[in-house]
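Trainee: I am new to this structure and would like to go through it with you. Could we begin once it is on the screen?

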Amino acid sequence: MGTSVQITPLSGVYNENPLSYLVSVDGFNFLVDCGWNDQFDPSLLEPLSRVASKIDAVLLSHPDTLHLGALPYAFKQFGLSAPVYLTEPVYRLGLLTMYDHFLARKQVSEFDLFTLDDIDSAFQNVTRLTYSQNHHLTGKGEGIVIAPHVAGHLLGSTIWKITKDGEDVIYAVDFNHRKERLLNGTALESFVRPAVLITDAYNALNNQPPRRQRDQEFLDVILKTLKGDGNVLLPVDPAGRVLELLLLLEQYWSLQHLSYPIYFLTNVSSSTIEYVKSFLEWMSDAIAKSFEHTRDNAFLLRHIKLLINKTDLDNVPGPKIVLASMASLEVGFSHDIFAEWAMDAKNLILFTERSQFATLARMLQADPPPRAVKVTISKRVPLVGDELIAYEEEQNRKKEEALKASIKLEEELKTSQKADTKPSDLMDVDASNNVASQDVALPRGSGYQDIFIDGFVPPPSVAPMFPFFENTSEWDDYGEVINPDDYVKKDDDNDNGIRQLGEGMDVKLDEGSAFLILDTKPSKVVSTEITVQVKCTLTYLDFEGRSDGRSIKSILAHVAPLKLVLVHGSAEATEHLKEHCVKHVCPHVYSPQIEETIDVTSDLCAYKVQLSEKLMSNVLFKKLGDYEVAWVDAEVGKTENDTLSLLPPSKPAPPHKSVFLGDLKLSDFKQFLASKGVPAEFSSGALRCGEYITLRKIGDSNQMGGGTGNQQIIIDGPLTEEYYKIRDYLYSQFYLL
């Protein structure tokens, strides 16, 4: 049998709930994504809590809450401690996303499911990989290789490839085949015939208009509102698809020389853009080429102002565009702005993605939308009067109880130390030195605080001598090894609004967010429920950045996995895609339920064999680009250790036919002929070379998965000198084996 693979969904099957799946490869357990919804409902994480202790590694694919939102809570509450693998943008933007969610919740509630420190701890033990980088696991995962590839949905978003013994398990959800302003399309089509493909059915029933048509509709509806003296609100996530919208608006405002103000309002807006500026190599080819030629960063935003406080927005008169978090309208700046703007018929609320179920945004996206909604407006206010006095009394009571407990514990510790100390343990010291100097300064919290008291009686676990600290510095051939960080002058973090996130982390918080963290004044949350009459225009345009149903079906047919697992999508979409794939992609299609374990172990038989030295000494390799290839004729035998080995054949092997290796593109060959002075042009799918010669490329149409397979190049024309010259040119494009 092949590599053993079992898959257990923990969340996100037959619905649009957050994504979280347990993938076991030969007993090594991967947690692939660790998502949570915008309501942070703990009941969704119950399946994860039951397997958290068994997880060996975590793979994160996208920097949004649906894919990584539960990570801090899982590390804090479930004891999850496995190493985390992700790309650099997912790491940075994921941190900022979680920070923004925490700060938005903390401003309007007593949110205590996780803290900023919990977020830091969850992202502490991470390994950041680049696209196509193979990472070899060790220990229990020996022999497993993981590699991230382009998903095309969000900046740094990932398709994960897990390889063991030559068999690939591909995890590809929320991918996008379209090339956009910000990102290139997905790399999923480059995989052919993987053993297992895990993908989603989220967009299986949706079809999208052309990108240019969508962009024009987006700009038209915004300009119409602005010219009508109205405001435009775009509810967005703090570091997700909003980056594509910012580029679109920035480029259009520059081309049309528009003056309407645009604001990007989140708790971490400036930090988001600062980090995004450094991720140019993760963006589209167009952005990279533009930077190479003009040295102009695409995110040097000249028409978009970054805000971290809604008060700054309230002081701006006239029509304006605001991109504010959160996309769900549950909390955050977008929630408050909606409550203010929804009652004005001149305003526009423009949704660019389907929001999560049971959120205010999803309710407003219904057809027809509600005419009125109930909204809770909450704000944090300082305690005053009797409430402040009661709070201070309670805090003092807690301090007194803690002090009493500390004194009691210290007395018990001293009592136990004296009881354990024997008279023979005491040192003989000159009576003139029995009194310790009062000038001796002991380290705060030192374990040696009793050494100078009562005749130098040490704690039971300490040797009877003065404190001695061994120098454990490391040395090499050049002297003592020093840590440069010990000599770096550290700035005052509080003054600069910077929050250090642990070792190796330097994510910055905006000044307003830092003030919220550092402000220790006692406060409470005051909430008021109001009814908002929805008179503004509500519009939805699809900027989700996911492949639509038609494209998904085409891509799956091209990839042609041996086994297909469908997750994350409505029940209707999942069943629709499953029925299609059984007929047109592969016969083995699975759609498991929550906590249902399915075995998708490959039916192929894989064996490890050794190449004997005697065999390899007679093999003739030929250069093939960066590789070397050769024919190998051998017989399978066993070594002394009963392992399979390839041995030289016992009788002469039959001769081999010549094989041309390579994949010729006629367009490239046309350019090659032009460089040799041979005119060539395409006509009716064939390449006409010179006056009389025609080349046609014929592939194997039955090749599974859209691979190139065996190809034939047919040369038509009279046997002239030109014919043989073009044939020689053609042969030169291949490797002959």
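**Strands, helices and surface**

Mentor: Strand S29 (residues 644-647) and S28 run antiparallel and are joined by four bridges. Helices (H or I, at least four residues) and strands (E, at least two) are DSSP runs, numbered from the N terminus, and two strands pair if DSSP finds at least two bridges between them. This is a predicted model, in which local features need pLDDT of at least 70 and side-chain atom pairs count only at pLDDT 80 or more, while totals for chains, interfaces and linings use all residues. Residues are numbered from 1 along each chain as its sequence is written, and side-chain values use heavy atoms, with hydrogens and water left out.

Trainee: Which residue is the bridge partner of Gly637 in S29?

Mentor: The partner of Gly637 is Ser645.

Trainee: What is the order of the open sheet of three strands?

Mentor: The order is S25-S29-S28, with mixed pairing. Strand S25 (609-611) and strand S28 (635-638) are the edge strands, each pairing on one side only. On average, neighbouring strands of this sheet are turned by 40 degrees against each other, direction ignored; the axes are lines fitted to C-alpha atoms, for helices over the stretch in contact, and angles run from 0 to 180 degrees between N-to-C directions.

Trainee: And what about the open sheet of six strands?

Mentor: That sheet has the order S14-S13-S15-S12-S16-S21, with parallel pairing. Its edge strands, each pairing on one side only, are strand S14 (304-307) and strand S21 (537-540).

Trainee: How many bridges join strand S16 to S21?

Mentor: Four bridges join strand S16 (residues 348-351) to S21, and the two run parallel. Ile349 stands opposite Leu538 in S21, and the bridge partner of Leu348 in S21 is Thr537. S16 is also joined by two bridges to strand S12 (residues 232-235), again in parallel; there, Val232 has Leu348 as its bridge partner.

Trainee: Are the side chains of S16 buried or exposed?

Mentor: Leu348 and Leu350 point one way, Ile349 and Phe351 point the other way, and all are buried. Buried means under 20% relative accessible area, exposed over 50%, and partly exposed in between (1.4 Å probe, protein chains only). In a regular strand the side chains alternate between the two faces of the sheet.

Trainee: Changing topic: which residues are buried in helix H19?

Mentor: In helix H19 (residues 666-675), the buried residues are Leu666, Phe669 and Leu673. They lie on the same side of H19, because they cover an arc of only 55 degrees around the axis; the arc is that of the directions from the helix axis to the C-beta atoms. Gln671, Ala674 and Ser675 are exposed on the other side of H19.

Trainee: What comes just after H19?

Mentor: Gly677 is found there, with a positive phi of about 85 degrees.

Trainee: Where does Tyr731 lie?

Mentor: Tyr731 lies in helix H20 (residues 721-731). Tyr731 counts as partly exposed because its relative accessibility is 38%.

Trainee: One last topic: how far apart are Ala571 and Glu16?

Mentor: They are 555 residues apart in sequence and 9.2 Å apart in space, C-alpha to C-alpha. Ala571 is found in helix H17 (residues 571-584). At 38% relative accessibility, Ala571 counts as partly exposed.
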